[in-house]
Amino acid sequence: MSDDRVLPAQIVHVYDADLFWVTSGANQGDGLDEAGLCLPGDVYQLEPDAAPVRLVLTQGAGNQHLAAGSGFGAVGDRIALVARHVFMDPQGDQVDILLIRHEASAALFALPLSPVGHRIDYTLLEAHEDPGEVRLSDLVCVAFTTGTMITLAGGAQRPIETLQPGDRVLTRDSGPRELRMVAKATMRALGSFAPVVISAGTLGNEGDLVVSPHHRIFLYRRGAKRLADTSEILVQAKHLVDGEHVWRREGGYVDYYALVFDQHEIVYAEGIPCESLLVSEATLSLLPQELSAAISERLPDLAHRPHFGTEAGADLLARVGRDTIFRKKRD
């Protein structure tokens with residue numbers, strides 16, 4: 001049976017494909033293009049003054065169309081997936097970028113499936129004419145996986161998949177807080193969606209903590225142990241990967257669960273502090289459609305301010321060393 005449902009409008013942000021161009025390689029000077037015109041090994045950069053363009057999309061029966069509020073085009077214009085390009089950033093992380101076409105004007109746009117920055121070298125590894133099953137809203141997932149033990153207000157722990165709206169969860173800064181919803185999405189555990197496994201004990205966690213790569217872990221280091229400008233830092237799980245204590249688990253499918261509160265909170269997962277889902281227009285546009293649609297439908301007016309803390313990137317961890325963060329293993 002075909003699925004003719006029209007899903008709620010989703011917001012994505014794209015770049016003019018000509019502004020993501022080859023700075024070194026055979027196609028130097030050319031912008032991102034169809035798969036057959038791109039050569040692996042070429043190095044791309046996002047133009048320093050490139051600004052994202054906002055697209056509001058409606059989706060149904062596998063097609064995407066522009067809705068009111070888009071930065072260009074007209075309501076009802078069709079958006080087509082043209083290609084999927086796989087890049088490697090300077091830290092060795094995979095960055096997938098979808099090439100999309102605005103059918104009415106034939107203009108091409110680059111849609112990163114994970115955040116990209118200006119003046120950063122992205123080396124093209126592969127270019128595929130078939131973009132696969134990825135939808136335009138399958139971008140960044142910030143969530144826990146099945147079996148993650150979440151600490152409740154009274155100190156007991158329960159698997160995340162058993163939590164329900166109304167349950168009171170212990171938060172670091174606000175004490176017991178009522179859970180507004182638990183949103184779930186099932187993803188292929190590949191590329192930017194392959195979960196990160198933080199082995200038991202690495203950060204003082206009681207069991208293996210398995211989260212999406214962009215999920216941020218909260219670290220508190222003060223005095224001589226301070227790592228950044230503030231004592232409180234947030235670090236994406238993917239930046240903790242060392243191949244030994246923290247590693248990526250690829251293959252098959254993974255169920256991701258996102259916890260939503262009235263505010264952006266720090267909760268305890270496997271005994272260590274981690275962020276809850278930050279709800280804003282920008283983050284909703286980066287979530288898998290299953291998650292963003294559920295949140296937009298049930299909590300349409302919810303908007304969070306991000307939790308205070310220094311964002312710790314791969315460069316900071318490389319400078320201070322992961323050993324300064326990881327707990328010593330017991331003999």
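Buried residues (under 20% relative accessible area, with exposed meaning over 50% and partly exposed in between; 1.4 Å probe, protein chains only) make up 50% of the 331 residues in the chain. The model is a predicted one, in which local features need pLDDT of at least 70 and side-chain atom pairs count only at pLDDT 80 or more, while totals for chains, interfaces and linings use all residues. Residues are numbered from 1 along each chain as its sequence is written, and side-chain values use heavy atoms, with hydrogens and water left out.

The chain contains 3 helices and 24 strands; these are DSSP runs numbered from the N terminus, helices being H or I of at least four residues and strands E of at least two. Among contacts (heavy atoms within 4.5 Å) between residues at least 6 apart in sequence, 65% join residues at least 24 apart.

In soluble globular proteins, nonpolar side chains tend to be buried together. A nonpolar core is here a set of buried Ala, Val, Leu, Ile, Met, Phe, Trp, Tyr and Cys residues joined through side-chain atoms within 4.5 Å. The largest such core has 30 residues, of which Phe144, Leu209, Ile217, Leu240 and Leu259 touch the most other members. At least two residues of this core come from each of β16, β17, β18 (216-220), β19, β21 (253-260), β22 (266-269) and β23 (272-275). Another core, of 21 residues, lies apart from it and includes Tyr44, Leu46, Ile97 and Ala110.

Strand pairing was assigned where DSSP finds at least two bridges between two strands. Strands β13 (residues 168-171) and β14 (residues 175-178) pair in the antiparallel sense over 4 bridges. A hairpin of 3 residues joins β13 to β14, and Val169 stands opposite Arg177 in β14.

Across the whole structure, a search finds 9 salt bridges, each defined as a side-chain nitrogen of Lys or Arg within 4 Å of a carboxyl oxygen of Asp or Glu. In one of them, the side chains of Arg101 and Glu34 meet at 3.9 Å, N to O. Arg101 lies in strand β7 (residues 94-102) and Glu34 in the loop between β2 (20-24) and β3 (43-46), so this pair ties together parts that are 67 residues apart in sequence. Both partners are described as partly exposed, Arg101 with a relative accessible area of 23% and Glu34 with 37%. A salt bridge also links Arg84 and Asp96, with the closest N and O atoms 2.5 Å apart. Because Arg84 is in strand β6 (residues 78-88) and Asp96 in strand β7, the pair ties together parts that are 12 residues apart in sequence. Arg84 and Asp96 are both buried.

A further salt bridge is formed by Glu275 and Arg216, whose closest N and O atoms are 3.0 Å apart. Glu275 belongs to strand β23 and Arg216 to strand β18, so parts that are 59 residues apart in sequence are tied together by the pair. Glu275 is buried, with a relative accessible area of 3%, and Arg216 counts as buried at 14% relative accessibility. Salt bridges that share partners also join Glu34, Arg78, Arg101 and Glu103 into one network.

Two loop residues were examined individually. Asn205 is found in the loop between β16 (196-198) and β17 (209-211) and counts as buried at 3% relative accessibility. Not counting residues up to four places away in sequence, Asn205 touches Ile198, Ser199, Ala200, Glu270 and Ile272. Its side chain makes polar contacts (a pair of N or O atoms within 3.5 Å; within protein, one must be able to donate a hydrogen and the other to accept it, and residues adjacent in sequence count only if both atoms are side-chain atoms). The side chain of Asn205 reaches the backbone oxygen of Ile198 at 3.1 Å, and one of its polar atoms lies 2.8 Å from the backbone oxygen of Gly207. The C-alpha atoms of Asn205 and Arg327 are 9.6 Å apart in space, although the two residues are 122 apart in sequence.

Lys238 is placed in the loop between β19 (232-236) and β20 (246-248). Lys238 is buried, with a relative accessible area of 17%. Leaving aside neighbours within four places in sequence, Lys238 is in contact with Asp93, Val196, Pro213, His214 and Arg248.
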